[in-house]
Amino acid sequence: MSEFINIHSHQTESSASSIINCYPAEIEQFVQQHPTQMCSVGLHPWHINEQYEQELEIVARFAFSPQVVAIGEAGLDKLTETPFPLQQAVFLQQTAIAEKVQKPLIIHCVKAYSKIIQLKKELNPQSTWIIHGFRGKASIAQELIQHDFCLSFGKGLIYLENTICSVPLEKVFLETDDSPNDIEQVYETFSKTRPVSMEILKDQVNKNFEEIFQNRILC
Ligand SMILES: [Zn+2]
């Protein structure tokens, strides 16, 4: 039976089919306390500080953990104060980590799609790049899909009808991010908005997950 896969959650008490987002400072304790829970680890562009080199080392170290099924969230954000060149340097290092361990990269991207696409073209990574919390227009979604990105939807789904109707389901993931909502609600909204039956949607997201998160652990 297929599950409600949630590829990005900040709620530690999420279900076994959720990937819990951890920051470098949290990851060691998290894997000790939740030894069977899938998680991701990454340095978010909002939280890059003087310790970023040590934090990247933590990401690189924990990237090998079987519990860590993805790298991220990492990314580029034109609206945050962190200098953009520094964001790019930190992002590039995390793309290299994802390549090294061959795990997907969960990307936070704000007003920097053309840069992210350019980097993907230059680097030609084997690991899948997933834009999380995607809330862009259908035209941006199309461009990203053309460059083989996956898109993960969560917040604001009901306002994204055009986008949701235009993306191939093979490229779709769903997430709760930092909202307290259940992942079931996110699936329901997507299913009604597109529209697509819940069964088909769940089966397809499960398939996408199996294909892209090959290093996942089964809990
Ligand atoms: Zn997040």
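The model is predicted: local features need pLDDT of at least 70, side-chain atom pairs count only at pLDDT 80 or more, and totals for chains, interfaces and linings use all residues. Residues are numbered from 1 along each chain as its sequence is written, and side-chain values use heavy atoms, with hydrogens and water left out.

Start at the zinc ion. Its protein donors are H8 (NE2), H10 (NE2), E73 (OE) and D177 (OD). They lie 2.1 to 2.2 Å from the ion. Donors here are N, O and S atoms within 2.8 Å of the metal (3.2 Å for Na, K and Ca); water is not among the atoms, so sites may look incomplete. The angles among the 4 donor atoms run from 86 to 173°, and the site is irregular.

In sequence, the donor spacing reads H-x1-H-x62-E-x103-D. The pair H8 and E73 links distant parts of the chain, 65 residues apart. H8 sits in strand β1 (residues 6–9), and E73 in strand β4 (residues 68–77). Strands (E, at least two residues) and helices (H or I, at least four) are DSSP runs, numbered from the N terminus.

Buried means under 20% relative accessible area, exposed over 50%, partly exposed in between (1.4 Å probe, protein chains only). In β4, 10 of the 10 residues are buried, so the strand is largely enclosed by the rest of the structure.

Now look at the neighbours of β4. Strand β3 (residues 39–41) pairs with β4 in the parallel sense over 3 bridges; pairing takes at least two DSSP bridges between two strands. S40 has A70 of β4 as its bridge partner. β4 also pairs in the parallel sense with strand β5 (residues 105–110), over 6 bridges. There, G72 is bridged to I106 of β5.

Finally, turn to K171. This residue lies in the loop between α6 (161–166) and β8 (172–174). K171 counts as buried, at 17% relative accessibility. The side chain of K171 makes a polar contact with the side chain of D148 at 2.5 Å.

Notes: Tetrahedral: all angles 85-135°; square planar, octahedral: opposite > 155°, others 65-115°. Polar contact = N/O pair within 3.5 Å; in protein donor to acceptor, adjacent residues only side chain to side chain.
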